[in-house]
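Please have the sequence and the 3D view ready.

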Amino acid sequence: MDDALDVVVSVAPNWLGQWGPFAVVMVLLFGSWLFTRKVFAVQKGHGVDTRYREQGTRLAFRLSGLLLAISTIPMNGELRGQLLSLVGLLMSAAIALSSTSVMGNLMAGFMLRTVNSFRAGDYIEFRNELGRVSQRGLLHVEFQNETSELVTVPNLLLVQEPYNVVRASGTVVSAEVSLGYDVDRRDIETALLIAIEAAELENGFVQIRNLGDFSVNYRASGWLKEAALLVSARSRLRGKILDALHEAGIEIVSPNFMNQRPLPPEQKFIPKRRYQAHPDEDKTGHAEEILFNKAEVASAVEQLQIKIKKLKDSLNAEVAEGEEAPDRDALKAELSALTEELELARQLAKDEIARDRDTSSEEDEEAAAEGAEAKELTPDEPEDAPPKAK
C-alpha cells in the first residue's frame, strides 16, 4: 500500500505540471460560458432580443478557447508557434475574403452598430421597399414591409447600398397628382393646400414637378410630427386631395381622357359626395399596429429602456451647488411605472417570438402530415399489375 502511494505521489506532480494549466483554463472557460448562457436565458425570459449579443459571445468564446488551448497544451514550443501562426494566417485569410462571406456580414454588422443610423421601430426604405425595423442581428437586419411580411437583408448589402431612414422626430408626407392644362394652377394649388390642412399636416406646400405633353404633375407635401403614422398619413393625404379637388370642381382626367360614349360637354366626372356617420380615415395608427406589430413591440421595448436609463442617471447624478434637487420620490414612482410597462412590453415581444416559432412549427408539421398521407395513398404496386415472373 505504501509503495502504491509513493508511486502516485511521484507521478502526480509531473502530470499536473503538464496538463494542469490546460485543465484550469478549460474549466474556467466552460464555467464562464455556462454563466453567460444563464444570463441570456433570463433575458430571453423577459422578452429581450439577445440574438446579436449571443451570437457574438459564442464566436468570441470559440476563438478564445482555440487560442487558449494551443497556448496551454503541453507541446514543443516550435510546434506551438507554428499552430498560432496557422490560426493567424487563417483569420487573416478570412478577413481578406470577407467581402462575400459570413465575415463580411459580421464586420458590416459591427459597422452598422457603430454608426447607429437606425434602431428598432424606425422606418427604413431599401431598394424601393418601405418597412419598419423589427430586429437587428449579427449577420442581418429584419424589417416588416407594408404588407406585414418580414424581410431579411444581409448587413453587407446595407453597407454597400444606400438606404433611407425616416427620422423619428418627423418627416415630410407627399402625394402627387397630374391634372390638365385647362385648369388654372392657382385654383389647383389652393385646393391642394386645403387638402394638406385637412390631412392634419403642418407647413404644407405645393410643387409643380413636371410639365408633360398632356398634363401637369403637382406634388402636395406637409410635415408629419408622428413618423410612426407614416402609412396612414400618406393614405389620408391622398383621400383629402380627392375630396378637395372634387369639391373645387376640378376633374382628374389626366393624362388624357377618352370615352366612346357621346356625352354632353357640361357633364363632369365627379362622384357624388356621400355623408357617413363615422369617419373613413384612420387617425389612430390602427393600420401601423397591424402591419408593423413586431416592429412596434421592439420599438416600445427600446424606447422604455432609454427612458429608464435616463431616470436612473437622474437619480444617481450628484446635485451641483446652487441647483435645485429633483423630486426623488416622483422619479422613483415614474421609474416603477416605466419598469412595469417594460415588463409588459417584453412579455409582448416574447409572445411575438413564440407565435412566429409556433407558426413555423405548425407549417412543418402540416407539410410532414401531408407527405405521410400522400405516401400512404400511393400504393407500392398497382393491384391489377401482372404477376412477376419467377
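Which residue of β3 does arginine 136 stand opposite? Arginine 136 stands opposite valine 141.

This is a predicted model, in which local features need pLDDT of at least 70, side-chain atom pairs count only at pLDDT 80 or more, and totals for chains, interfaces and linings use all residues. Residues are numbered from 1 along each chain as its sequence is written, and side-chain values use heavy atoms, with hydrogens and water left out. Helices (H or I, at least four residues) and strands (E, at least two) are DSSP runs, numbered from the N terminus.

**The strands**

Strand β2 covers residues 129-136. Seven of its eight residues are buried, so β2 is largely enclosed by the rest of the structure. Buried means under 20% relative accessible area, exposed over 50%, and partly exposed in between (1.4 Å probe, protein chains only).

Phenylalanine 126 has glutamate 129 of β2 as its bridge partner.

**Helix α6**

Helix α6 spans residues 185-198. Its 14 residues should span 20 Å at 1.5 Å a residue, and its end C-alpha atoms are 20 Å apart, which agrees. The expected span is 1.5 Å times one less than the number of residues.

Ile188, Ala191, Leu192, Ala195 and Ile196 are buried in α6. Seen down the axis, the buried residues fall within an arc of 145 degrees, so they line one face of the helix. The arc is that of the directions from the helix axis to the C-beta atoms. The face turned away from the buried side carries exposed Arg186, Ile194 and Glu197. The buried residues of α6 pack against β6 (171-179), β7 (202-211), β8 (216-224) and α7 (230-247).

Aspartate 184 caps the N-terminal end of α6. One of its side-chain oxygens lies 2.7 Å from the backbone nitrogen of arginine 186. Glutamate 200 follows α6, with a positive phi near 65 degrees.

**Threonine 72**

Threonine 72 sits in helix α2 (residues 51-72). It counts as buried because its relative accessibility is 16%. A polar atom of its side chain lies 2.7 Å from the backbone oxygen of leucine 68. Leaving aside neighbours within four places in sequence, threonine 72 is in contact (heavy atoms within 4.5 Å) with Gln18, Pro21, Phe22 and Val25.

Technical notes: Polar contact = N/O pair within 3.5 Å; in protein donor to acceptor, adjacent residues only side chain to side chain. Pairing = 2+ DSSP bridges.
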